[in-house]
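Me: I would like to go through this model and ask what stands behind each label. Please set the values against the cut-offs.

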Amino acid sequence: MKLKKIMASLLAAAAAITCLTACKTDGNTSGNDSENNASAGGNVLRIGGSGPLTGDYALYGNGVKNGAQLAIDEINAAGGINGCTLEFKIEDDEAGEEKAVNAYNVLKDWDMDISIGTVTSGACIAFGAEAAKDNMFILTPSSTAVECISGDNAFRVCFSDPNQGVASADYIADNGLSSKVAIIYQSDNAYSAGIFDKFKSEASAKGIEIVSEQSFTKDNKTDFSAQLQSIKDSGADLMFLPIYYSEASLILQQAKSSGLEIKYFGCDGLDGILNMNNFDISLAEGVMLLTPFAADATDDATVHFVTEYRAKYGDETMNQFAADAYDAIYIIKAAAEKAGINADMSSSEICDALKKAMTEITVDGVTGTSITWAADGEPSKAPKAVVITDGSYKAM
Amino acid sequence: MQKERKPLKAATKSNLITYGILIAAFIIVSIICASNDKMYQFKGMLVPLCIYSIMAVSLNLVVGILGDLSLGHAGFMCIGAYVGAFFSVLLKDNIPLDWLRFVISLVLGGITAGIFGFLIGIPVLRLRGDYLAIVTLAFGEIIKNIVNLLYVGVDGSGLHVSIKSASDLNMAEDGTVIVKGALGITGTPNDSNFTVGFILLLITVFVSLNLINSRTGRAVKSIRDNRIAAETVGISVTRYKLIVFMISAFFAGIAGVLYSHNISSLNTSTFGYNTSILVLVYVVLGGIGSTRGSIIAAVILYALPEMLRELRDYRMLIYAVVLILLMIVNNNEKFNLFKEKISISRFIQNRREAMSKGAKS
């Protein structure tokens with residue numbers, strides 16, 4: 001009896017609320033919005049992002065987290081942006097699309113003003129599509145797929161996949177490194193397949209002959225003897241590796257034991273190979289790679305970043321992701337100062353102002369000097385190539 | 001004079017309670033959404049909740065009613081998601097009505113997944129127990145790996161398909177690549193919303209409950225309980241197994257379409273066997289064979305890790321502990337007795353008995 005009464009009164013209450021809210025919603029939405037923006041102000045700019053803080057790619061996510069936090073702390077210590085202090089929050093997305101959208105919603109509840117997007121590509125496309133709907137500014141440090149910045153609200157710090165493929169082919173051709181190239185790529189990985197595709201078309205335009213195309217997938221990435229044998233037979237003198245460092249380390253090992261003498265060239269995915277546990281660094285001797293960040297470079301920006309980062313977070317996550325994120329925060333600072341952003345503006349107004357400012361600024365950072373942006377969001381900077389000599393990167 | 005009501009069948013009563021809970025939940029959630037401008041996290045989770053509930057209800061048909069262990073359910077979801085998203089992206093500009101395009105892609109995605117369910121079911125359903133589980137697991141992985149290699153583009157002269165790379169499609173200048181191998185499909189129109197998801201969930205539950213209580217459902221349950229006895233009374237085991245498997249795959253496909261129209265980036269990493277296991281966990285923890293339980297478990301277990309975001313690094317740890325606790329509590333005799341005591345159907349039954357006693361005296 002009692003239960004029925006409770007149920008009945010609950011239902012009645014629910015019905016009453018429906019009627020009330022039905023009348024209320026239309027009139028009040030705009031009013032509520034301005035209230036929210038005012039309460040979000042208070043001289044604080046909130047910068048949010050998401051990345052894989054747990055799971056397979058945690059090294060990348062934590063690199064971004066630490067790199068961005070380092071920059072935020074420095075900026076706050078120096079007085080913030082236009083008098084506003086910065087707050088930073090990064091949510092875990094496990095590199096998944098669905099989790100990234102959830103993370104975006106959590107950040108919206110937190111009143112995020114500016115976003116650094118996500119760390120990985122697939123997640124960034126989903127995150128970016130939601131952000132485009134809200135006109136939220138995004139500057140992703142490390143999402144390389146072309147579609148990540150398809151909205152006009154999105155920019156990036158790193159090179160896109162196709163640009164890396166083109167840059168690699170150009171670099172090999174212009175420096176006369178080789179004319180007969182063999183490739184091993186991961187066919188079920190968007191990053192690797194994306195670079196491979198562009199490298200192939202650019203290489204043929206530049207007169208480089210690709211004598212062997214080998215691929216592997218996530219499920220068979222431990223034994224490369226078949227691929228290496230056919231590369232050996234093809235007579236290639238350079239092997240292009242648009243893959244991640246953990247697989248590359250195995251390839252180097254197995255090539256050595258099968259007696260294959262060849263030059264290696266890779267992209268930023270190879271960055272990190274020297275910090276791997278149980279990897280004989282002498283195997284990587286002479287490997288060339290395009291990477292935006294080399295920890296032992298001697299320019300002032302890199303030296304400053306490396307000392308500060310090492311003191312605070314140690315060496316484990318000091319990779320190009322951390323450097324990209326560190327730069328991303330300073331780029332946002334430069335654009336925000338140019339555009340005169342303050343905490344009273346709504347995230348949509350901030351986005352419009354930053355979009356314009358991004359195409360007008362030139363930034364010197366850890367990952368490149370005189371970086372400029374076009375309206376499509378792609379950065380323009382000189383690719384840096386390094387060669388591994390005596391167990392460390394040397395600029396080429 | 002009070003008219004003597006015909007007492008409802010136990011199954012019907014239980015079904016009505018399920019619908020009641022669902023509709024009440026829908027109304028309450030709609031009210032909360034309408035009265036709050038913020039709560040983006042809550043609102044963003046509603047469609048995924050519907051998706052995983054549909055997955056759990058449809059898997060419950062195979063695991064709970066048919067009694068076979070299937071570990072490839074995410075494979076069907078993958079098929080539905082890709083077919084639906086492909087159709088929508090292909091005809092984004094040709095079909096002006098968003099809802100019409102979405103309905104067609106839902107039907108297409110569901111039917112394609114259903115056809116795959118049928119094709120896979122023919123060889124697979126002859127196997128039993130562990131072997132069936134292994135083959136369905138393999139099937140899920142095969143689907144995932146094939147889709148991962150697919151490049152499909154369209155230009156003036158029609159469709160181009162390749163399994164090597166986008167440049168092997170040999171398309172004309174004006175062509176667009178829709179399925180981009182490992183990167184999947186991007187830019188799917190965002191047609192899913194909570195109302196659509198809820199209606200689809202309701203349809204799934206309706207079909208599932210009616211199937212369970214039908215002649216076919218009883219035949220299926222008899223196969224589950226004693227296959228040899230069922231065969232001796234002339235029940236065609238393969239036929240009934242195929243029916244259930246197809247229906248289950250169909251709804252998994254629908255869930256996939258819903259998924260691909262909710263998030264604008266679709267790739268196969270979502271549909272690994274982890275997802276299949278996750279859905280199986282919903283079904284098992286919800287009580288195998290219970291449709292209502294599957295939905296409740298799906299909702300709680302999906303929402304939990306999101307609610308625990310504040311706890312940062314500890315959330316996955318807590319999630320695991322909750323799973324273990326649920327498992328223990330679910331099998332606890334005392335808790336089950338307590339559950340009996342507070343159950344709504346029991347309450348209504350007691351009341352009716354009390355009333356009929358009162359009327360007689």
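Me: Why is the meeting of the side chains of Asp111(A) and Lys38(B) called a salt bridge?
Reply: The model is predicted, and in it the N to O distance between Lys38(B) and Asp111(A) is 2.4 Å. The cut-off for a Lys nitrogen and an Asp carboxyl oxygen is 4 Å, so the pair qualifies.

Me: How many salt bridges are there between chain B and chain A?
Reply: The count between these two chains is 4. Over all chains, the structure holds 22.

Me: What makes Lys180(B) and Glu147(A) a salt bridge, and why does the pair join two chains?
Reply: Their side chains meet at 3.0 Å, N to O. A Lys nitrogen has to lie within 4 Å of a Glu carboxyl oxygen, so this pair also counts. Lys180(B) is in strand S3 of chain B, residues 176-180, while Glu147(A) is in the chain A loop between strand S4 (138-140) and strand S5 (154-156), so the pair joins two chains.
Reply: As background, side chains of opposite charge can pair when their charged atoms come close.

Me: What does the contact between the chains consist of?
Reply: Chain B supplies 44 residues and chain A supplies 47 residues. About 3800 Å² is buried between them, with carbon and sulfur atoms giving 48% of that area. There are also 15 residue pairs in polar contact, both residues at pLDDT 80 or more.

Me: Which element gives the most to the side of chain B that touches chain A?
Reply: Elements that give two or more residues include helix H1 (10-35), helix H2 (40-66) and helix H5 (129-149) of chain B. H2(B) gives the most, with 6 residues. By class, the residues of that side of chain B are 17 nonpolar, 15 polar and 12 charged.

Me: How do you know that H1(B) and H2(B) meet, and which residues do so?
Reply: Val29(B), Ile32(B) and Cys33(B) of H1(B) meet Phe42(B), Lys43(B) and Leu46(B) of H2(B). This contact has 5 nonpolar, no polar and 1 charged residues. Lys counts as charged, so Lys43(B) is a charged residue here.

Me: What describes the packing of H1(B) and H2(B)?
Reply: Their axes are 10 Å apart, at an angle of about 145°. H1(B) passes H2(B) in a left-handed crossing.

Methods: Residues numbered from 1 in each chain as written. Chains lettered and ligands numbered in written order. Predicted model: local features only at pLDDT ≥ 70, side-chain atom pairs only at ≥ 80, totals over all residues. Heavy atoms only, no water. Contact = heavy atoms within 4.5 Å. Buried area = accessible area lost by both parts, 1.4 Å probe. Polar contact = N/O pair within 3.5 Å; in protein donor to acceptor, adjacent residues only side chain to side chain. Helix = DSSP H or I, 4+ residues; strand = E, 2+ residues; numbered from the N terminus. Axes fitted to C-alpha atoms, helices over the stretch in contact; angles between N-to-C directions. Left-handed = near helix turned anticlockwise from the far one by under 90°.
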